[in-house]
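Good morning, and thank you for joining this group meeting. Please bring up the sequence and the coordinates, which I shall go through in order.

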Amino acid sequence: MFPVERPRRLRRTRAIRQLVAETTLAPSDLVLPLFVAEGRTEPWPIPSLPGHVQHTVDSLVHEVKRAQHAGVGGVILFGVPNQKDEVGSGAYDDNGIAQVALRAVRDAIGDEIVVMADLCLDEYTSHGHCGVLNQNGTVDNDRTIALYAETAVVQARAGAAVVAPSGMMDGQVDAIRQGLDDAGFTDTIIMAYAVKYASALYGPFRDAVGVTIQGGGDRRSYQQDAANRRESWREARADVDEGADLIMVKPALTNLDVLSDLYAQLDVPLCAYHVSGEYAMVCAAAERGWIDRQAVAIEQLTSIRRAGAQFVLTYFATEVAELLSL
Ligand code: PBG
């Protein structure tokens, strides 16, 4: 006989589909990553990240205004310094490029868009690692988290509403929370890159910030192994216990299982980072005419939301926000 279940009834028109949609995608669900380089007089296009540039402070402010106008929920800033050193001093210098940029953005735009600062040392260290090194060349966890705490205070003072530690050191959230609280920044939000895999999808990002790891090294001794799922539960739980306000999973599409697990386990807001390699793959295939760039972007971002992300960090943020408001 005829089937009793007829799910297709609810797919017949766009209006019905919208009515029953479990997941929405709005401009305010998107956070735009932005790069600002010290000493630039003109924006510099990043070849492996089409449509994105290393900004001057002025072009950065302009881009943030454009994002805000499109309804984008937030921006996350990455600084590219002129000079690097062994201990990444530019990261925690009040006059470091990220701090100069944060002040300019907050002065121009205030609290109309959520201003976030990536908190890590890798853009500022001569060896390219996310922390300071021991004699034997490995990253010194405990000296590094003390410097993260200093960096957080400097970023908060410069106007960051959210600091986002991305270095995957143990105890980093605890050290940063204490540092912020001691300096009176009790309202500064910590968005923890809690679940961060050692991924080959960060390639274009490293071009964007001009980071190479010395001696052909990698980050496998501090970022997670793609083989592990339950390890992410421990990472996320530890960060919540240490005081993280927001928990991030990264990269997004290769880790939707983890996102979905955490959605069930935790009651803090979750986000995911649709990273540079995920963006670049869509751009490259679309350039060849093999896929529809905007349709794929919306499908991927919607799926990340469906898996449990409240918001998504994505290089598509302004483009998709503008598309959604048409
Ligand atoms: C580290 C950091 C990285 C990204 C964000 N923060 C790179 C890394 O861990 O090597 C990658 C983001 C992307 O690929 O879009 N500061």
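I shall begin with the chain as a whole, then turn to its strands, and end with a few individual residues.

This is a predicted model, in which local features need pLDDT of at least 70, side-chain atom pairs count only at pLDDT 80 or more, and totals for chains, interfaces and linings use all residues. Residues are numbered from 1 along each chain as its sequence is written, and side-chain values use heavy atoms, with hydrogens and water left out.

The protein chain contains eleven helices and ten strands; these are DSSP runs numbered from the N terminus, helices being H or I of at least four residues and strands E of at least two. Its C-alpha trace spans about 75 × 45 × 40 Å along the principal axes. The radius of gyration of the protein chain is 20 Å, which agrees with the value near 20 Å for a compact globule of 326 residues. That radius is taken over C-alpha atoms, and the globule rule is 2.2 Å times the number of residues to the power 0.38.

Of the 326 residues, 53% are buried, where buried means under 20% relative accessible area, exposed over 50%, and partly exposed in between, with a 1.4 Å probe and protein chains only. Among contacts with a separation of 6 or more, 75% link residues 24 or more positions apart; a contact means heavy atoms within 4.5 Å. The accessible surface comes to about 15,300 Å², with 49% belonging to carbon and sulfur atoms. Such areas come from the Shrake-Rupley method with a 1.4 Å probe, and for residues only the protein chains shown count as cover.

Let us move to the strands. Which strands pair with β1? Strand β1, residues 30-37, is joined to β4 (residues 74-80) by seven parallel bridges, and Val-31 has Gly-74 as its bridge partner there. With β10 (residues 311-314), β1 pairs in the parallel sense over two bridges, and Leu-30 stands opposite Val-312. Two further parallel bridges join β1 to β3 (residues 53-55), where His-55 is the bridge partner of Val-36. Pairing here requires that DSSP find at least two bridges between the strands.

In a regular strand the side chains alternate between the two faces of the sheet. In β1, Leu-30, Leu-32, Leu-34 and Val-36 point one way, Val-31, Pro-33, Phe-35 and Ala-37 point the other way, and all are buried. Strand β6 is likewise covered on both faces: Val-162 and Ala-164 on one side and Val-163 and Pro-165 on the other are all buried. Four parallel bridges join β6 to β5, residues 114-119, with Ala-117 opposite Val-163.

Finally, I come to the individual residues. Most residues other than glycine have a negative phi, and most peptide bonds are trans. Met-168, however, has a positive phi near 60°. This residue lies in the loop between β6 (162-165) and α5 (172-182), and Met-168 is buried, with a relative accessible area of 8%. A cis peptide bond joins Lys-250 and Pro-251, with omega about -10°; Pro-251 is in the loop between β8 (246-250) and α8 (256-265).

Glu-235 belongs to helix α7, residues 230-241.
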